[in-house]
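Subject: Structure for you to look at

Dear colleague,

I am passing on the structure we spoke about, with the sequence alongside. Please open it first, and then read the notes below with the model in view.

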Amino acid sequence: MVIHAGYGEKMATELDLKGEICPYTFVKTKLKLEELESGEELVVTFDHAPAVENVPRSLKNEGHKIMGIEQKADHLWKVRIRKA
Amino acid sequence: MKLGILLTTSPENENTNTVIEISKAARDEGHKVSIFIMYDGVYNVNKKEFAELVDKGVDIAVCALNVEQRKVGRVDGILFGSQYDHACIASDVDRFISFG
């Protein structure tokens, strides 16, 4: 799914990982990033708190850029990633 | 040499003391030691011996999911990570020992 970006933001692909826990949160994010071109952005929705800390750290270690982490509700976060 | 250790058993298991003593001995010989702890192994993180290993330069990471499931508190100096960290350790070390 492609979502529209706000002013000054690139279009991003969206991945809903609500209900997923470690390690699937990282694995499914990594697999989705493999479908994108370098520089494209992915917005991932998590409801698993450890993933919000660990997935961005692991992706940074893989060379990707974390553009932002936004808490949308109690136990609901969106992480915006730019593929390396 | 880089030594990796996986610990999955709770503190009453003899594995705990073995991991502590191997890690101390390896560090005393100048080797790099990385430990990943998961399943009931996460109950070990509050033992003072693991804090002492951190002070000796041992890198310790635990599975944050297992920590959350078992309601274990966070400990300074220990990374509350994921299976990604486990994979990085296994990929990086020269020898890997599993205690489960």
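How many residues of chain B are in contact with chain A, and how many residues of chain A do they meet? Please keep in mind as you read that this is a predicted model. Seven residues on chain B are in contact with seven on chain A. On the side of chain B that touches chain A, helix H3 (64–70) and helix H4 (83–92) of chain B each contribute at least two residues, and the largest share, three residues, belongs to H3(B). Sorted by class, the residues on this side of chain B are three nonpolar, three polar and one charged.

Turning to chain A, you will find that strand S2 (residues 12–16) and strand S3 (residues 41–46) of that chain pair in the parallel sense, with five bridges between them. Together with helix H1 (residues 24–34) of chain A, the strands S2(A) and S3(A) make up a right-handed β-α-β unit.

The loop between S2 and H1 of chain A contains Pro23(A), and the peptide bond leading from Cys22(A) to Pro23(A) is cis, its omega being near 5 degrees. For context, most peptide bonds are trans.

H1(A) also packs against helix H2 (residues 49–61) of chain A, with the two axes 9 Å apart and an angle of about 40 degrees between them. Angles under 35 degrees would count as roughly parallel and those from 65 to 115 as roughly perpendicular, and H1(A) and H2(A) are therefore oblique to each other. The crossing in which H1(A) passes H2(A) is right-handed. On the H1(A) side the residues involved are Thr25(A), Phe26(A) and Thr29(A), and they meet Ala51(A), Val55(A), Ser58(A) and Leu59(A) of H2(A). Taken by class, this contact of H1(A) with H2(A) has four nonpolar residues and three polar ones, and no charged residues.

In chain B, five strands form an open sheet with parallel pairing, and their order is S4-S3-S2-S1-S5. Strand S4 (79–81) and strand S5 (95–99) of chain B stand at its edges, and because each has a single partner strand, one side of each is left without a neighbour in the sheet. On average, neighbouring strands of this sheet are turned by 20 degrees against each other, direction ignored. S5(B) runs parallel to strand S1 (residues 2–7) of chain B and is joined to S1(B) by five bridges, and Leu7(B) stands opposite Phe99(B) in S5(B).

Finally, there is one backbone detail in chain B to look at. Tyr39(B) has a phi near 50 degrees, which is a positive value in a residue other than glycine, and Tyr39(B) is found in the loop between strand S2 (32–37) and helix H2 (48–55) of chain B. Most residues other than glycine have a negative phi.

With best wishes

Conventions
Residues are numbered from 1 along each chain as its sequence is written. Chains are lettered from A and ligands numbered from 1 in the order in which they are written. This is a predicted model: local features need pLDDT of at least 70, side-chain atom pairs count only at pLDDT 80 or more; totals for chains, interfaces and linings use all residues. Two strands pair if DSSP finds at least two bridges between them. Helices (H or I, at least four residues) and strands (E, at least two) are DSSP runs, numbered from the N terminus. A crossover is right-handed if, with the strands pointing away from the viewer, the path from the first strand over the helix to the second runs clockwise. Two residues are in contact if their C-beta atoms, placed from the backbone, lie within 7 Å. Ala, Val, Leu, Ile, Met, Phe, Trp, Tyr, Cys and Pro count as nonpolar, Asp, Glu, Lys and Arg as charged, and the others, Gly among them, as polar. Axes are lines fitted to C-alpha atoms, for helices over the stretch in contact, and angles run from 0 to 180 degrees between N-to-C directions. Angles under 35 degrees count as roughly parallel, over 145 as roughly antiparallel, 65 to 115 as roughly perpendicular and the rest as oblique. A crossing is left-handed if the near helix is turned anticlockwise from the far one by less than a right angle, and right-handed if clockwise.
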